[in-house]
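Visitor: I would like a close look at a single part of this model, and then at what lies around it. Please keep it brisk.

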Amino acid sequence: MITYAEALRRLMEKAVPVEGMETVPLLYSTHRVLAEDIVSPIAVPGWDNSQMDGYAVRAAELAEASKDHPVVLPVSDRIPAGQVGSRLAQGSVARIFTGAPMPEGADTVVPQENVEVTPEGVCFKSPVREGAWVRRRGSDVPQGGVVLKKGARLTPAAIGMVASIGRAYVKVYRRLRVGIFFSGDELVQPGEPLPPGGIYNSNRFMIRSLLQELGCEALDLGSVPDTLEATIEAFESAAASADVILTTGGMSVGEEDHIKPAVEAVGSLNVWRVRLKPGKPLAFGEVRGVPFIGCPGNPVAGFVVFLMMARPYLLRTMGLTDIDVKPMAVRADFDWLKPGDRQEFVRVRRNDEGGLDLYHTQNSQVLSSCAWADGLVDIPVGGTVRKGDMVSYYPFCQFFA
């Protein structure tokens with residue numbers, strides 16, 4: 001067996017962004033991966049404008065203002081957002097609203113709550129700092145500035161930024177096609193009667209959902225019988241149309257486990273078995289030139305392996321550059337006193353005191369541990385944990401940001 005770090009390194013060495021790009025409307029680009037740098041053709045904002053509802057003034061004309069000697073100036077203009085005012089007359093102010101362009105001659109905005117409006121004009125009882133409450137031209141984005149770089153994920157905030165510079169279309173990598181199938185005669189589809197010895201195929205629904213969270217297109221071949229011929233046929237079918245093949249089950253070395261010999265018959269293996277718990281039976285290789293990732297059949301092991309190994313590989317293949325998930329240092333409110341010979345990712349959940357509770361069983365067949373948990377704790381080989389120790393915690397929400 002090789003270490004988790006070595007297995008991940010081998011996977012990532014082979015991860016190359018998918019060939020093929022397309023131009024899509026920005027309105028429908030959520031979670032796609034940019035295949036170009038986004039350069040702003042304009043400055044944002046395009047002009048100096050007001051940050052507040054208030055009054056545009058010349059700061060120098062209020063330099064002597066005080067409570068004992070207030071300065072009263074008449075209103076010479078009114079500037080709503082979307083309109084351009086006239087040059088500010090000497091000895092006057094302009095009523096201005098948030099987002100409205102600053103009138104020529106004005107250099108400062110005084111918020112309306114800081115003044116008193118009288119029949120004679122606007123009363124100022126203190127001096128103001130020149131430039132206060134003014135958003136300068138290009139202070140958000142300079143003209144010619146790179147807004148987003150190639151390989152960035154188009155999150156809602158990123159899409160809003162691209163819209164703010166006037167772009168209606170973006171060039172993105174095409175969706176990654178992941179061919180999936182699930183090995184096992186015992187697998188039964190939800191909704192069908194469960195025969196003696198059968199189990200419902202939870203992996204199919206879980207893996208499809210995980211792929212959808214990443215933004216991949218799942219090419220689902222369903223369950224495959226436990227024969228070498230059927231497994232080879234499934235690999236050949238997936239390789240004909242997929243960018244990556246991902247399977248669960250059939251990863252051991254028993255008479256009914258056919259993934260390894262099937263891959264070796266039509267491709268090659270680069271990784272086989274990892275010093276990881278759950279997830280020791282993990283494979284990585286290629287079939288007819290198409291990369292292949294084999295996940296364990298136990299649902300918890302498949303879930304953990306997908307997050308910690310398949311996910312970064314798939315994201316890099318999708319063209320994404322920022323794929324790392326950084327663990328948080330969080331207090332453990334549990335004991336883990338038996339050191340293991342494999343690196344282990346245990347299922348935990350934050351409690352009301354800010355610490356981490358451990359699910360009562362860490363068996364790799366107990367999928368309820370994943371549904372209950374909100375993250376994983378990384379326990380290194382030979383490591384132990386006592387209550388109060390700080391541990392490396394990976395919250396699930398970070399895997400799909």
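In what sense do strand β6 (residues 71-73) and strand β11 (residues 121-124) pair, and over how many bridges?

Guide: β6 and β11 pair in the antiparallel sense, over three bridges. Pairing here requires that DSSP finds at least two bridges between the strands. Strands (E, at least two residues) and helices (H or I, at least four) are DSSP runs, numbered from the N terminus. Before going on, note that this is a predicted model, in which local features need pLDDT of at least 70 and side-chain atom pairs count only at pLDDT 80 or more, while totals for chains, interfaces and linings use all residues. Residues are numbered from 1 along each chain as its sequence is written, and side-chain values use heavy atoms, with hydrogens and water left out.

Stay with β11. Val122 of β11 is the bridge partner of Leu73. Strand β10 (residues 116-118) also pairs with β11, again antiparallel and over three bridges. There, Glu116 is bridged to Cys123 of β11. A hairpin of two residues joins β10 to β11.

Now step back to the domains. An automatic or database domain assignment sets the bounds. The assignment gives domain 1 (4-19 + 174-318), domain 2 (21-41 + 142-173), domain 3 (49-135) and domain 4 (328-398). The centres of domain 3 and domain 4, taken over C-alpha atoms, are 58 Å apart.

Next, helix α2 (residues 156-164). Its buried residues (under 20% relative accessible area, 1.4 Å probe, protein chains only) are Ala158, Ile159 and Val162. They cover an arc of only 100 degrees, so they sit on the same side of α2. The arc is taken from the directions from the helix axis to the C-beta atoms. On the other side, Pro156 and Ala157 are exposed, meaning over 50% relative accessible area. The cover over the buried residues includes β3 (38-39), β13 (146-148) and β14. Just after α2, Gly166 takes a positive phi of about 90 degrees.

Strand β14 (residues 169-173) holds Lys171. Lys171 is partly exposed, at 35% relative accessible area. Contact means heavy atoms within 4.5 Å. Beyond its neighbours within four places in sequence, Lys171 is in contact with residues including Met21, Val33, Leu34 and Glu36. Met251 is 80 residues from Lys171 in sequence and 39 Å away in space, C-alpha to C-alpha.

Helix α4 (residues 228-239) can be checked for length. Twelve residues at 1.5 Å each should span 16 Å, and the end C-alpha atoms are 16 Å apart, which agrees. The expected span is 1.5 Å times one less than the number of residues. Buried in α4 are Ala230, Thr231, Ala234, Phe235, Ala238 and Ala239. Their arc is only 170 degrees around the axis, so they lie on the same side of α4. Glu229 and Glu233, on the other side, are exposed. Among the elements covering the buried residues are β15 (177-183), β18 (217-224) and α5 (259-266).

Last, the cores. A nonpolar core is a set of buried Ala, Val, Leu, Ile, Met, Phe, Trp, Tyr and Cys residues joined through side-chain atoms within 4.5 Å. The largest has 54 residues, and Phe306, Met308, Met309, Tyr313 and Leu314 touch the most other members. Helix α6 gives the largest share, twelve residues. Apart from this core lies another of 17 residues, among them Phe181, Ala234, Met251 and Ala262.
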